[in-house]
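Hi,

Here is the structure I promised to pass on.

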Amino acid sequence: MSQEFSPPTSEWYYPSDAVKKQAIVSDYEALYRKSMADIEAFWDEQAQKLHWFEPWEKVLDTSDAPFYKWFVGGKTNIAYNALDRHVKTWRRNKLAIIWEGEPGDKQTYSYWRLWREVNKCANVLKSLGVKKGDRVTIYMGRIPELVISMLACAKIGAVHSVVYGGFSEHALADRIEDAQSKVLITADGAWLRGNIVKLKDIVDEAVHRSPIVESVLVVKRTGHDVKMQQGRDYWYHDLMGLPIASPQCETTVMDAEDPLFILYTSGTTGKPKGILHTHGGYSVYTSTTLQWVFDVKDDDRYWCAADPGWITGHSYIVYAPLIIGATEIIYEGAPNHPYPDRWWRLVAEYGVTILYTAPTAIRGLMRFGDAWPNRHDLSSIRLLGSVGEPINPEAWRWFHKVIGKEKSPIMDTWWQTETGGFMIAPMPSVPLKPGSGTRPFPGIEADVVDEHGVSCPPGVDGNLVIKGPWPGMLRTIYGDPERFKKQYFSAYEKQGWYLTGDSARKDEDGYFWIIGRNDDVIKVSGYRLGTAEVESGLVSHPAVAEAAAIGVPDDVRGNVIYAYCMLKAGVTGSPELVDALKDHIRHEIGPIAVPTKIEFVTALPKTRSGKIMRRVLKARATGAPEGDLSTLEE
């Protein structure tokens, strides 16, 4: 149902003359018009800025839509663009990565050092039998070896599948199985809030569940005792010290459409979707979007505080910053450990100029008040950014005032794992409205439409769609092309539009306001979790007959999970069972999926066709009206 909405359009934040004067893109309107006048010429021009072993014959091939191909016939490699080409210039001695571990240890990597480490790792992977097209699963914390491993895979044409280090053995095993990875790269553990996350123990259990893995490469990070299985497990530092790990490695020439990585994201069924991205279009799209939206220059210190295990980290920690030759900060641990000023100390110490993070983190740090950030010199910051979910105006204002000192514009970016990069986002020269992602990126035609494909008038919500292909788009769901077509292109098949799964509104100025997911996906701390995955985890417990999970609003995390469980005959609900179910979910999926509240019920509201009516459950949980119940079964 559409509903009227009046966003706070009177609240404008205008960029200063200084910001506008130095912005790479000073006239968004002119650039957007140019991009839409000839999409192919526009992307052709951006692609020319990268290195290609052989030029493309055709910018865009639409003959097999929606399986679009970009830069057809072009030969490239994203790792060459991120490293090899820089070490042939003055950038070889420029810092690529400044890394700090949670305990306080530090490392720096120049482009030259990073290139050599990636070459060595690539040769180690080759020695383990990894070839072009093979899938390699990576499961570790925010350490330099994660970035090195991803780039090493790309360099030799292997397809990496990074699994977030907060997922459990069951979730990891599912993703290994789907990708059919024979090699897995991990660490003994990771530091988080002063504790060790025992990654290797989780890997051992996952590999037991999915015995396809033949070799496990283990980075020594925490140094605690772990089991090493002879003939399968190898210490990373041991192999990196052998002659096989030569610092010279030829970059594999890849077709523009060759796969680069698979990244699993939650869907409306229990099985996660393997989103597939490719070398050519993704390189062009991520590097262009980062350079323009965050106005990145050679003297910037850029910090994206996401995790490389999610798409934000893939695009805007690992690939785009290195392609454009930036210096970036990576921090291993929690933002409030040991004190709530950990981030602000890092900003001051390293002279961070651009800080890109999630509303969850902003709200979490905002709770501790202004005194913590005010203890530090944050004057280096010139741009701020937000990602993962819509940022509420209150958090936007705090971020702008307290962290940005009312001089730093906030780049509020809307995009998805599937899109590869920013789709709706401002640039520093554009006036801002707190809570709005502003306008589409050049080359992107976005709209808000009803179920018939008719554009919604200003202030009325509808489906957010993208009306044409773009270079960074996913190419398919790994191993399931029919699901790809059905999920993203069947709703507006006649028009050929991409359905984002998000609802949104436009205001009278053409600014977009993202509302949230339309499908059965919950955004918790900016991360997508499928209700089906949580429900499957609950039902796998012997006490539970049926379960339904919903997201309910939360001041800090955006949403939290609220679960309803019908118990099997003879089982009685108790606080002890609630704790047991939470532990079970922690084991089956990971801590991020643990419901905040579990309620035991004797029945679940369903339609006559048996579909759980989650909107009714959500209304009950939040005290809202339950609406039309005519389709509810008796």
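Below is what I found in it, grouped by topic.

One thing to keep in mind from the start: this is a predicted model.

**The cores**

Let's begin inside. The largest nonpolar core has 194 residues, and the ones with the most contacts inside it are Phe 71 and Trp 303. Apart from that core lies another one, of eleven residues, which includes Ala 548, Ile 550, Tyr 562 and Leu 617. As background, nonpolar side chains tend to be buried together in soluble globular proteins.

What does Phe 71 touch, once residues up to four places away in sequence are not counted? Its partners include Trp 43, Ala 47, Trp 52 and Trp 56, along with Lys 58 and Val 59. Further along the chain, Phe 71 also touches Ala 256, Gly 280, Gly 281, Val 284 and Pro 471.

**Two helix pairs**

Some of those names come back where α3 (residues 39-47) meets α10 (residues 279-293). The axes of these two helices come within 10 Å and cross at roughly 85°, so α3 is roughly perpendicular to α10. On the α3 side, the contact is made by Phe 42, Trp 43, Gln 46 and Ala 47, and on the α10 side by Val 284, Tyr 285, Thr 288 and Trp 292. By class, that gives six nonpolar residues, two polar and no charged. Trp 43, Ala 47 and Val 284 are also among the residues that Phe 71 touches.

The other pair is α17 (residues 531-539) and α18 (residues 575-588), whose axes come within 9 Å and cross at roughly 120°. Val 534, Gly 537 and Leu 538 of α17 make the contact with Leu 581, His 584 and Ile 585 of α18. Here the classes come out as four nonpolar, two polar and no charged residues.

How many of the nine residues of α17 are buried? Seven are, so α17 is largely enclosed by the rest of the structure. The buried ones are Thr 531, Ala 532, Glu 533, Val 534, Glu 535, Gly 537 and Leu 538.

**Another helix worth a click**

Helix α16 (residues 481-489) has Arg 483, Phe 484, Tyr 488 and Phe 489 as its buried residues. What covers them includes the strands β15 (273-278), β23 (476-477) and β24 (498-506).

The peptide bond that joins His 337 and Pro 338 is cis, with omega about 0°.

**Other backbone details**

There is also a cis peptide bond from Ala 65 to Pro 66, with omega near 5°. Pro 66 is in the loop between β1 (58-61) and β2 (69-72).

Gln 180 has a phi of about 55° and is found in the loop between α7 (169-179) and β8 (183-187). Gln 180 is partly exposed, with a relative accessible area of 35%. For Thr 438, phi is near 65°, and the residue lies in the loop between β20 (410-412) and β21 (446-449). Thr 438 counts as buried, at 1% relative accessibility.

Pro 390 is in the loop between β19 (383-386) and α15 (393-403) and is partly exposed, with a relative accessible area of 34%. Neighbours within four places aside, Pro 390 is in contact with Pro 359, Arg 363, Ile 514 and Ile 515. The C-alpha atoms of Pro 390 and Gly 468 are separated by 24 Å, and the two residues are 78 residues apart along the chain.

Over to you, and happy browsing!

Note on methods:
Residues numbered from 1 in each chain as written. Predicted model: local features only at pLDDT ≥ 70, side-chain atom pairs only at ≥ 80, totals over all residues. Heavy atoms only, no water. Helix = DSSP H or I, 4+ residues; strand = E, 2+ residues; numbered from the N terminus. Buried < 20%, exposed > 50% of the residue type's maximum accessible area, 1.4 Å probe, protein only. Core = buried A, V, L, I, M, F, W, Y, C linked by side-chain atoms within 4.5 Å. Contact = heavy atoms within 4.5 Å. Axes fitted to C-alpha atoms, helices over the stretch in contact; angles between N-to-C directions. Nonpolar A, V, L, I, M, F, W, Y, C, P; charged D, E, K, R; others polar. Parallel < 35°, antiparallel > 145°, perpendicular 65-115°, else oblique.
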